[in-house]
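Welcome! Please take a moment to look over the sequence and the model before reading on.

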Amino acid sequence: MSISLVSNSYLDENSAKIRVKPVPWEGYQRAGLITSEELTLIKKVERQSKSKVESLLVSDGQTYALLYLRLLKKLQRIDTQSAILVLIADALTDHEERIPWFTSASQTDPELPYGPLLRILDSQDDFVQLKATQILTVLLSSEKSPLQPQQLHPFLNTLALFVVNPSSNKRDIAVQCLEAILPRPECRQAVWANASLVGGLVDTLRHNPTPQMSYQVGFCLWLLTFEQEVAEQIQKYGNAPCVPVMLPYLKCRRFDIIPLLVDVAQGAAKEKVIRVIVATFRNLVSKAPQANLPAMLVAQLLPFAKNLSTRKWTDEDIVEDIQFLRDELSARFESLTTYDEYRSELLSGHLSWTPVHESDLFWKENATKLNDRDYELLKILIRLLNESNDPTVLAVASHDIGQYVKHYERGKKILTDLGGKTRVMELMTHPNSDVRYQALISVQRLVSHPWAAV
């Protein structure tokens with residue numbers, strides 16, 4: 001991997017300034033911090049022309065790689081660390097073949113090359129942090145053998161902090177670094193295990209990023225969804241150890257990625273943004289159709305896919321991916337019963353006033369199905385009442401609770417035992433008038449008859 005693949009104007013501008021700044025190498029030698037041999041070597045490259053440095057690296061590159069890493073390990077001043085990091089990056093720029101000079105340093109010192117670089121990720125200096133991150137990305141992504149947790153986890157924890165940082169430079173570099181390492185399976189698995197990092201990526205999409213950032217985050221999500229576990233869980237749960245039957249019991253983090261990606265694609269002006277999102281959807285359908293097709297239908301991906309299929313595209317891959325999505329979603333849609341549609345909507349968490357909610361015939365035929373699988377769907381309704389901040393979701397869920405007890409008398413006690421009655425009563429004082437109204441109707445139905453049938 002070329003170091004230029006992780007690029008940023010902040011790094012470029014500061015690197016140029018650092019190259020011309022003097023470093024007190026002689027003082028370090030007098031203080032016994034570096035040897036006379038190290039001093040002689042470093043003075044040959046300090047503030048020298050690019051051609052002269054290149055000739056030295058051609059003849060003695062391995063020696064200089066080891067020198068830079070050893071100096072980084074034992075010198076603590078920020079300006080000195082900055083200068084060493086620039087020397088390392090300059091040696092690697094446009095020379096991928098030099099990467100083994102650095103990665104093979106472990107044969108001389110087991111702490112090299114990663115120990116010093118990982119340690120300075122905790123630096124209080126932004127440039128040192130970001131330059132070390134850039135170099136680590138190049139080295140880690142080029143390793144021939146699988147990366148070890150002690151190498152990867154501190155690096156990913158730093159990226160998790162960067163991706164939610166107010167600094168646009170840190171967010172930009174974090175996403176570029178992820179793009180570079182996510183082709184590696186062990187990196188995809190480690191990133192997925194870092195809920196803060198994945199959550200930070202998803203949150204980036206929620207805050208109107210630039211088209212380029214939308215594409216880059218989408219690219220990261222596309223790479224992640226090559227993992228079966230990610231494809232199965234990213235829509236519903238995040239990283240908590242949840243399985244569908246446990247959903248009503250556990251407050252697992254929901255990434256709710258499908259409606260978000262649909263929104264981003266619908267608002268995208270750039271073809272590459274739509275292309276990477278459509279490719280992500282294809283992964284989700286191919287690897288985990290049962291987990292993702294219901295949410296795709298609720299998010300109205302089918303009509304959007306039909307619309308996309310009528311457009312002109314410059315990339316043939318997107319045409320094939322769109323057709324795949326359209327065919328899969330159409331087949332799923334045609335096989336759905338009315339209850340399947342309701343269940344899909346409920347599992348997605350995105351309730352709206354679709355006709356099924358207000359159909360007395362539907363509730364007469366299907367109210368008792370909310371009891372199936374140990375009241376799975378009823379518990380989801382109650383969870384939405386407790387956790388959602390969306391007035392429409394609260395109003396529709398309150399309405400459905402009322403329909404359930406209207407058509408299933410025994411449901412009143414079940415609902416009370418599960419805590420649903422208390423929550424619906426609380427919603428009678430909600431600021432939104434529709435929520436208050438639906439909650440009032442449901443409470444009336446909950447208290448209108450004695451539990452004679454129980």
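This is a predicted model: local features need pLDDT of at least 70, side-chain atom pairs count only at pLDDT 80 or more; totals for chains, interfaces and linings use all residues.

Residues are numbered from 1 along each chain as its sequence is written, and side-chain values use heavy atoms, with hydrogens and water left out.

Let us start with helix 17, residues 289–298. Helices here are DSSP runs of H or I with at least four residues, numbered from the N terminus. Seven of the ten residues of helix 17 are buried, so the rest of the structure largely encloses it; buried means under 20% relative accessible area with a 1.4 Å probe, protein chains only. Those buried residues are Ala291, Asn292, Leu293, Pro294, Ala295, Met296 and Leu297. Their cover includes the helices in this table.

| Helix | Residues |
|---|---|
| helix 14 | 228–233 |
| helix 15 | 257–267 |
| helix 16 | 271–287 |
| helix 18 | 301–308 |
| helix 19 | 316–335 |
| helix 20 | 338–348 |

Just after helix 17, Gln300 takes a positive phi of about 60°.

**A buried aspartate**

Helix 19 holds Asp321. Is Asp321 buried or exposed? With 12% relative accessibility, Asp321 counts as buried. Leaving aside neighbours within four places in sequence, Asp321 is in contact (heavy atoms within 4.5 Å) with Val278, Ala279 and Arg282.

**Nonpolar cores**

A nonpolar core is a set of buried Ala, Val, Leu, Ile, Met, Phe, Trp, Tyr and Cys residues joined through side-chain atoms within 4.5 Å. The largest one has 120 residues, and those with the most contacts inside it are Trp25, Tyr68, Phe102, Leu156, Leu178 and Phe281. Helix 4 (residues 50–74) gives the largest share of this core, eleven residues. Apart from this core lies another, of 34 residues, among them Ile382, Ile414, Leu415 and Val435.

**Cavities**

A cavity is a set of points on a 1 Å grid over the protein atoms alone where a 1.4 Å probe fits but cannot get out, and lining residues have an atom within 4 Å of a point. There are three cavities of 30 Å³ or more.

Technical notes
Buried means under 20% relative accessible area, exposed over 50%, partly exposed in between (1.4 Å probe, protein chains only). Helices (H or I, at least four residues) and strands (E, at least two) are DSSP runs, numbered from the N terminus. On a 1 Å grid over the protein atoms alone, a cavity is a set of points where a 1.4 Å probe fits but cannot get out, and a pocket is an open set with protein on both sides within 12 Å along at least five of seven lines; lining residues have an atom within 4 Å of a point. Grid points are joined across faces, edges and corners, and a volume is the space filled by probe spheres set on the points.
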